[in-house]
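Please read them with the structure open.

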Amino acid sequence: MPEISHRDRDRCCVAGIGVALLLSLGDVRPAGALDAPASTRIARAARPIALDLAAALAAYKTYVVGQADAFVRETARFVAAIQGGRVAEARGLYAPARAPYERIEPLAALFPDLIKRLDVRSDEFELRERDPAFVGFHRLEFALFALGTTEGMGEFAERLAAETVILRDRMTAVAIPPAKAVGAASALIEGIASTKISGEEERYSRTDLWDFQANIEGSKVVFVLLRPLLDDHAFVARVERSYKRIEDLLARYRAPDGGFQSYDNLTARDRNALKGPITLLAEDLSTLRGRLNID
Amino acid sequence: MTDLSFPNLTRRHLLGGLGATAFAGRAHAEDETPTAATAGTLAVQPFHGPHQAGIITPQPAAALYVAFDVLAERRADLAPLMRTLTERLAFLTRGGAVPETHPQLPPRDSGILGPTVLSDNLTATVSVGASLFDYRFGLARARPRHLGPMERFSNDALDPAQCHGDLLIQFCSNTAETNIHALRDVIKATPGLLAPRWKVEGFLPPHVVKTMGADTVRNMLGFKDGTANLDARDPRVMDRYVWVGQNHGEPAWAVGGSYQVVRIIRTLVERWDRTPLGEQEAIIGRHKGSGAPLRQSHERDTPDYAADPNGEAVSLAAHIRLANPRLPGTEDNLILRRSYNYSRGITAAGQLDMGLLFVCYQADLTAGFITVQNRLSGEGLEEYIRPIGGGYFFALPGVADPENTLGEGLLAAT
């Protein structure tokens with residue numbers, strides 16, 4: 001039965017894929033994995049998925065810690081530029097520093113106190129930017145892109161760097177609940193749909209597309225790891241199509257330097273074009289936990 | 001069935017002319033506790049027919065207008081979208097049990113009406129905007145001939161975020177919850193195909209609604225609005241003024257449909273409330289209390305403009321006189337109005353954001369709304385109103401039978 005062997009290959013790949021993913025921070029499409037035939041259909045009750053699931057979750061944990069680690073490194077570069085008063089350089093390092101965080105954002109949400117110091121937005125405060133609790137990435141974004149300065153930012157930057165280390169340490173120590181890991185696939189998409197597509201997240205820097213890309217990558221890592229456990233071919237194909245459509249749309253807005261254009265360049269119609277596959281993906285991924293029998 | 005629950009219902013009662021239902025109603029009236037049956041929650045409006053419901057249907061108390069952008073990118077995606085809409089709206093209109101959900105999956109139904117969806121007088125009327133006929137779907141040649149983007153009239157301050165749309169659904173029912181339930185059902189059923197663009201909710205006083213048109217609703221200016229409306233119960237009047245027919249020069253698919261105008265008209269109520277009564281009445285052309293045309297005594301008296309050529313009773317610039325001058329020739333410009341009141345937040349200036357959710361239907365948009373609105377241009381009322389949103393749409397012809405779908409004629413036309 002060739003299908004069985006494909007399936008077995010998919011399974012064997014799970015751990016390997018995880019490692020492959022860890023090695024490629026930017027492109028999460030593991031060679032061959034997307035092109036591999038979908039797993040065969042077998043009765044759900046008879047499916048011994050527990051071990052596969054455990055392997056997938058272990059691989060995901062490695063991925064998450066890897067991203068948390070990259071987050072520490074990238075943020076350190078960003079912080080160094082701020083502390084050196086190099087505005088242009090700091091601006092350029094802002095979005096890349098956030099990318100690892102945006103890939104694992106729903107897991108960071110395991111630590112609500114921390115994300116309120118790392119990633120809080122000014123619109124969460126009645127006083128907006130004047131609120132003393134407005135700290136972290138967006139406080140620095142505000143200074144760099146809206147005010148055009150690094151002045152007075154040294155302390156904010158230093159605190160941010162320290163928070164990233166705390167996040168990595170906690171992420172390394174924590175046992176990620178399976179529902180949280182699987183739910184991260186949809187949570188990242190829900191984040192885009194609810195507040196990011198509007199351009200609320202990166203309102204000063206207009207680097208929203210960097211976040212989208214990282215969110216999609218982080219979501220797809222979860223899906224790719226779990227894909228061998230899914231026996232609904234039509235579902236798998238539809239989800240893959242949605243990811244592909246979003247990736248293709250985002251690719252249109254790549255800048256020559258490998259980054260992304262300003263979100264301001266997108267018309268209402270351009271944003272609508274993203275809304276379609278994002279909403280479809282959000283609906284589909286909302287069934288992922290149920291399909292895997294994870295409460 | 002009813003008689004089983006009322007053991008004292010005898011043959012004599014029935015012979016005495018009381019139907020079982022009427023009797024049950026009287027029995028219930030004694031404790032005055034409304035039930036699902038008496039509260040109108042089981043009232044059903046037909047979904048199938050030559051025209052969509054919700055146009056000549058008597059207005060229930062709650063309305064919800066939502067304009068959508070169609071996200072589908074290919075012509076081939078429109079048919080499934082219309083099929084899904086037809087299927088969902090047919091179910092929601094009829095009501096019924098919601099499917100059971102596996103506890104590990106998100107529920108198919110929002111649940112805000114409970115495990116059984118009540119029909120609750122719901123109508124859901126689907127119309128299309130001019131933008132649906134742009135380059136995307138190859139429908140340009142099927143565009144109804146008067147359908148374009150809503151133009152800006154001289155007193156308008158249109159907010160692009162509250163204007164136009166590829167598709168509009170008008171939900172009307174007894175309660176806001178029923179409309180919201182239907183909207184959420186549609187959104188859940190059309191991921192990747194539709195994105196809400198703007199939305200506005202309207203209301204009418206339920207006690208007036210219950211009189212089925214015998215009483216006239218007052219708008220946020222305190223005046224009766226809609227007194228001289230067309231009689232929606234007269235099929236000949238509707239065929240002349242509301243429904244697109246064979247002889248309107250429209251594409252064949254459009255026959256049975258109707259042009260729909262939606263205008264979100266803010267009324268500057270604080271200023272209005274600081275305007276002398278006599279001036280208010282002169283601006284509108286009616287007595288505020290009775291609704292009668294000025295110098296007449298009953299709401300439904302017909303103003304005699306021939307006897308008042310200089311506007312001594314009803315000013316030549318009065319709203320009712322400009323809207324319907326009752327001159328030879330202007331009878332072609334009559335429209336079926338179906339408006340609601342709305343009220344939402346506070347404006348940037350700290351005033352109340354409320355007004356009229358003006359809706360009208362007509363067979364000929366140019367002869368109807370556009371002509372009437374051009375006549376109204378410069379009226380005294382303009383100081384107190386500011387149209388801020390809405391659009392021109394075309395309400396699709398009805399879904400004849402359960403095997404048909406909304407817009408199938410349109411999609412087959414090109």
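What percentage of the 414 residues in chain B is buried?

1. Buried residues make up 42% of the 414 residues in chain B. A residue is called buried if 20 or more other C-beta atoms lie within 10 Å of its own, exposed if 12 or fewer, and partly exposed in between, with C-beta atoms placed from the backbone. In chain A the buried share is 43% of 295 residues.

2. On conventions: this is a predicted model, in which local features need pLDDT of at least 70 and side-chain atom pairs count only at pLDDT 80 or more, while totals for chains, interfaces and linings use all residues. Residues are numbered from 1 along each chain as its sequence is written, and chains are lettered from A and ligands numbered from 1 in the order in which they are written.

3. Chain A has twelve helices and zero strands, whereas chain B has eleven helices and eleven strands. Helices (H or I, at least four residues) and strands (E, at least two) are DSSP runs, numbered from the N terminus.

4. In chain A, 77% of the contacts with a separation of 6 or more are between residues 24 or more positions apart. For chain B, 76% of the contacts between residues at least 6 apart in sequence join residues at least 24 apart. Two residues are in contact if their C-beta atoms, placed from the backbone, lie within 7 Å.

5. Helix α10 (residues 233–251) and helix α11 (residues 268–285) of chain A have axes that come within 9 Å and cross at roughly 150°. Axes are lines fitted to C-alpha atoms, for helices over the stretch in contact, and angles run from 0 to 180 degrees between N-to-C directions. This angle makes α10(A) roughly antiparallel to α11(A); the term is used for angles over 145 degrees, with under 35 roughly parallel, 65 to 115 roughly perpendicular and the rest oblique. Residues making the contact include F235(A), V239(A) and L249(A) of α10(A), and L274(A), I278(A) and L281(A) of α11(A). By class, the contact has eleven nonpolar, one polar and three charged residues. Here Ala, Val, Leu, Ile, Met, Phe, Trp, Tyr, Cys and Pro count as nonpolar, Asp, Glu, Lys and Arg as charged, and the others, Gly among them, as polar.

6. Also in chain A, helix α6 (residues 137–147) and helix α7 (residues 154–173) pack at an angle of about 145°, with their axes 9 Å apart. F137(A), R139(A) and L140(A) of α6(A) meet F156(A), A157(A) and L160(A) of α7(A).

7. Between the chains, the contact takes nine residues from chain B and 13 residues from chain A. The chain B side has five nonpolar, three polar and one charged residues.

8. An unreviewed UniProt entry annotates G226(B), T227(B), A228(B) and R286(B) as "binding site"; such annotations may be inferred rather than shown by experiment. These residues are spread over 61 residues of sequence, yet cluster in space, with a largest C-alpha distance of 12.0 Å.

9. Is R286(B) buried or exposed? R286(B) counts as buried because it has 26 C-beta neighbours inside 10 Å. G226(B) has 16 such neighbours, so it counts as partly exposed. Leaving aside neighbours within four places in sequence, G226(B) is in contact with T216(B), V217(B), R337(B) and S339(B).
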